[in-house]
Amino acid sequence: MSEVLSWESVWLPRYPYVTDSFAEGIWREKRAKALSRRYVELNPKALTNMLCVDIDGPDALLRAGWCTGYRPNWVVENPVNGHAHAIWLLASPIP
């Protein structure tokens with residue numbers, strides 16, 4: 001049986017960079033408030049423990065599941081246009 005991981009249990013940044021519009025700039029916020037923003041830092045500067053791939057196309061969800069052997073841990077789909085982000089969790093963070 002595989003372990004179910006919550007986003008909060010593997011997301012490393014304590015004060016991630018965030019913004020709703022890059023024209024307004026970026027700033028750091030506490031994790032709880034950061035999740036309400038449109039753009040949120042995935043990995044802190046010194047470590048990477050998640051790989052995120054942007055899949056543009058109306059069939060992004062199908063494309064994310066097409067990989068054999070290395071299916072993503074999470075897929076976040078935009079319901080308006082079908083575009084998605086596929087996220088793979090690494091076994092150990094790397095610098």
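Author: Here is a close look at the aromatic pair and its surroundings. This is a predicted model: local features need pLDDT of at least 70, side-chain atom pairs count only at pLDDT 80 or more, and totals for chains, interfaces and linings use all residues. Residues are numbered from 1 along each chain as its sequence is written, and side-chain values use heavy atoms, with hydrogens and water left out.

Start with the setting. The protein chain has three helices and six strands. Both are DSSP runs, numbered from the N terminus: helices are H or I with at least four residues, strands are E with at least two. From the N terminus, the order is α-β-β-α-β-β-α-β-β.

Now the pair. A search of the whole structure finds one aromatic pair. The ring centres of F22 and Y39 are 4.6 Å apart and the planes are at 40 degrees, so the pair is tilted. Here is the rule: rings of Phe, Tyr and Trp (its six-membered ring) pair if their centres lie within 6.5 Å; planes under 30 degrees apart count as stacked, over 60 as edge-to-face, and the rest as tilted.

Where do F22 and Y39 lie? F22 is in the loop between β1 (17-19) and β2 (27-28), while Y39 is in strand β3 (residues 39-40). The pair therefore ties together parts that are 17 residues apart in sequence.

Next, exposure. Buried means under 20% relative accessible area, exposed means over 50%, and partly exposed is in between (1.4 Å probe, protein chains only). F22 has 55% relative accessibility, so F22 counts as exposed. Y39 has 34%, so Y39 counts as partly exposed.

Y17, F22, I26 and Y39 form a nonpolar patch on the surface, and together they have about 410 Å² of accessible area. Such areas come from the Shrake-Rupley method with a 1.4 Å probe; for residues, only the protein chains shown count as cover. Like charges are joined within 9 Å, nonpolar side chains (Val, Leu, Ile, Met, Phe, Trp, Tyr) within 5 Å. I26 lies in the loop between β1 and β2. At 48% relative accessibility, I26 is partly exposed.

Last, Y17 has a charge over its ring. R28 lies over the face of Y17, at 3.8 Å from the ring centre. That requires NZ of Lys or CZ of Arg within 6 Å of the ring centre and within 35 degrees of the ring normal.

Methods. Patches are made of residues with over 30% relative accessible area and no salt bridge: like charges are joined within 9 Å, nonpolar side chains (Val, Leu, Ile, Met, Phe, Trp, Tyr) within 5 Å. A salt bridge is a side-chain nitrogen of Lys or Arg within 4 Å of a carboxyl oxygen of Asp or Glu.
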